[in-house]
Amino acid sequence: MQTEQASAEKARAQSLDEEAYKHRIRLKVRNNVSLPPGIQGNPKAEFEVTQLPTGDVLDVRLLRSSGNPALDAAVERAIRKSSPLPKPAQPELFKRVLNLSYRPQDD
Amino acid sequence: MLGIVLKLRRFGLVAISALALLQASAHAQLTIEITGAGTNRIPVAIADFGGEASAARVITSVVRGDLERSGLFKMIDPGAAVMTEASAPVYEEWKSRGADALAAGSIGESTDGRREARFRLYDVTKQSVLGGSAFVTSKPMLRAAGHRIADMIYEKLTGEPGIFSTRVAYVIKAGAARYELHISDADGQNAQVALISKEPIISPSWSPEGGRLAYVSFENKKPVVYVHSLASGKRIVVANFKGSNSAPAWSPDGRKLAVVLSKDGGSQIFTVNADGSGVQRLTTANAINTEPNFSPDGQFVYFTSDRGGSPQIYRIAAGGGDAQRVSFEGSYNVTPRLSPDGKSMAFISRRDGSFRLSIMDLASRQVQILTDSHKDESPTFSPNGRMILIATEVGGRGVLSAVSIDGRIKQRLSIAAGDVREPAWGPLNK
Amino acid sequence: MKQLLIPAALALVMAACSSTPESSDAAAGAPVESRGGGSSVTTVTTGGVETGRLPAVLTDPKSILSRRSVYFDYDSYEVKAEYKDLVTAHAKFLTENRQFKVLIQGNTDERGSREYNLALGQKRADAIRKMLALLGAREEQLESVSLGEEKPKNEGHGEAAWAENRRGDMLYNGEF
């Protein structure tokens, strides 16, 4: 029982840390986005980002275009500009490959 | 009942296992969703152009001025670094200055001994070349070369065509009996006079290919519609019927004009060939019908009519038929102008006694008022659809103002002389 | 990522190295000749209109026919009763002098769209033309046109100025 509780707590803490990690990446990239003019609707662009343990961005790959090449380019620019990306509080939360999606507006 | 519970349970199981799968894959790769944006201006550095100093200064200042005035770019101080299109940029240095993009270039001699402006645009974050070009130019055309370079940078970084090499037409009232039709670059510089008259000139409208202007001149003590070829100065009378002739609007193919004639009584919209032949009546309602404007696909003519009691915007099929009302909010909506993509309409709406530039999304009929001024008139879209140029009044004087379609960017066009009115933005310079 | 080779000889044409289609557009880097004559503009000056002499009865300040203006109320396009005598006198002159023609110019105040005001001025001019025709003038003697807000008699911006500009004027041939 004891160990089970401890691991549940650890999982909870880990998921909180993971949320914080995602939040910091989200914030950094978001602040580096310069939206191109004339975006229609709220199109989504998806990227795969490969990073080093230092957070340095190695590669940015467009998985799914938003349909607006200028928007795709602006987001890619923002991701590269955010290098190095924030590091997680717990090193085991680090992921070499991130799946990053972007939309111009909250719903 | 039992059946439903069972089904639900089974569905629940399936849902859980699907979720588990999703979580598993989510753990393998961290998925982060981002919405919103930080600063909306793209930080860009334009290094001082190299080569002959005085010419280089003109080009550099035109490129910087164009990009800065568009409101979409933040100019990053390039420092004293001497760099041309031939230098290899030190990306780390430009990144630390905060630039996302960098342009560098020079003025030199072309192979045939003329001047040549060359430049190269770099993506600092990707550390790659975005594009570059060379323009052969003469000294008086240095500004034009600068506009071309700014257009290319704008298009590479925003994905839509730049409009810095386009031209605008407008009318200046230079005295009690002096009216001038001017053509200038989109930044208000390099103005040339197309027409001087003792009587008013209104409603200039560019032909789609950009070589001709249709307008209304009162030089014969009554409104008459002319088509004026700018390079030659040759003018032809397109409509001079008994009564008033006004409000010319080109069809997108440049073959026809919609005009307003009072020859049959009242003000009715007709179409006429660009040489003045083939007059055909379009509207029939016994009311004012004026300010026609073709939709970019040529299918519809939008216009102003008081058929419902107050001036409102309607549209009619270009071949005739029943008109449909387009504007509903407010008691005075006039001067419809369709955006180049045909999706929205700029117009002037009277709100609390003030005439304000407004824009309607035609699919949703949503209206947004874009200014807080009092006397906006004559809206005209930039050919990339990003800005709307209007005539308005500041301190009792007529000025031109460009407003972005989201209302965020407003710029005054720098035209010093007299009372400026009746702007018309020309097509893209191809 | 596709690598585009840039020949050294083509130093002035710079292509991009990227996988996105827009920047691999090498044609965008081709030299472009600046347009020379295409953007030049030739200045034209319009000719004026010759004005001739009119008979004294039309210009003598003591003659009712020297008065040519009909004023309208705000948002109104009807000839008011006080101008009935004036319009009747001009109709009589035109009936007795068939060689004369009249150009009726409608005007509005400055508020609102120029072209819409042109249409409103046309309604004022048409109202005067219809009354002249009703009182005996022939249609071929009459032309009603609009100057909209373009030729204000009073350049001011208050109600007093606007009232002066809501107007129809009658011009005889020789005056236009």
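**View 1. Helix α3 of chain C, a 21-residue helix in a predicted model.** Here we follow α3(C) through residues 114-134. From first C-alpha to last it reaches 30 Å, close to the 30 Å expected at 1.5 Å a residue (the expected span is 1.5 Å times one less than the number of residues). Helices (H or I, at least four residues) and strands (E, at least two) are DSSP runs, numbered from the N terminus. Because 18 of its 21 residues are buried, α3(C) is largely enclosed by the rest of the structure. "Buried" means 20 or more other C-beta atoms within 10 Å of a residue's own, "exposed" 12 or fewer, and "partly exposed" in between, with C-beta atoms placed from the backbone. After the helix comes C:Gly136, with a positive phi near 120°.

A word on the labels: residues count from 1 along each chain as its sequence is written, and chains are lettered from A and ligands numbered from 1 in the order in which they are written. Since this is a prediction, local features need pLDDT of at least 70 and side-chain atom pairs count only at pLDDT 80 or more, while totals for chains, interfaces and linings use all residues.

**View 2. The sheet β19-β20-β21-β22 of chain B.** This open sheet has 4 strands with antiparallel pairing (strands pair if DSSP finds at least two bridges between them). Its edges are β19 (289-294) and β22 (324-325), each pairing on one side only. Inside chain B, β20 (300-305) and β21 (312-317) share 6 antiparallel bridges. B:Phe300, for one, has B:Ala317 in β21(B) as its bridge partner. And here's our helix again: α3(C) packs on the sheet, touching β19 and β20 of chain B, and its direction makes about 150° with that of β19(B). Axes are lines fitted to C-alpha atoms, for helices over the stretch in contact, and angles run from 0 to 180 degrees between N-to-C directions.

**View 3. Where chain C meets chain B.** The contact takes 42 residues from chain C and 60 from chain B (two residues are in contact if their C-beta atoms, placed from the backbone, lie within 7 Å). On the chain C side, the largest share, 7 residues, comes from α3(C).

**View 4. The largest nonpolar core, with 121 residues.** Such a core is a set of buried Ala, Val, Leu, Ile, Met, Phe, Trp, Tyr and Cys residues joined through C-beta atoms within 7 Å. B:Ala101, B:Leu102, B:Val259 and B:Val301 touch the most other members. Helix α4 (142-158) of chain B gives the largest share, 9 residues.
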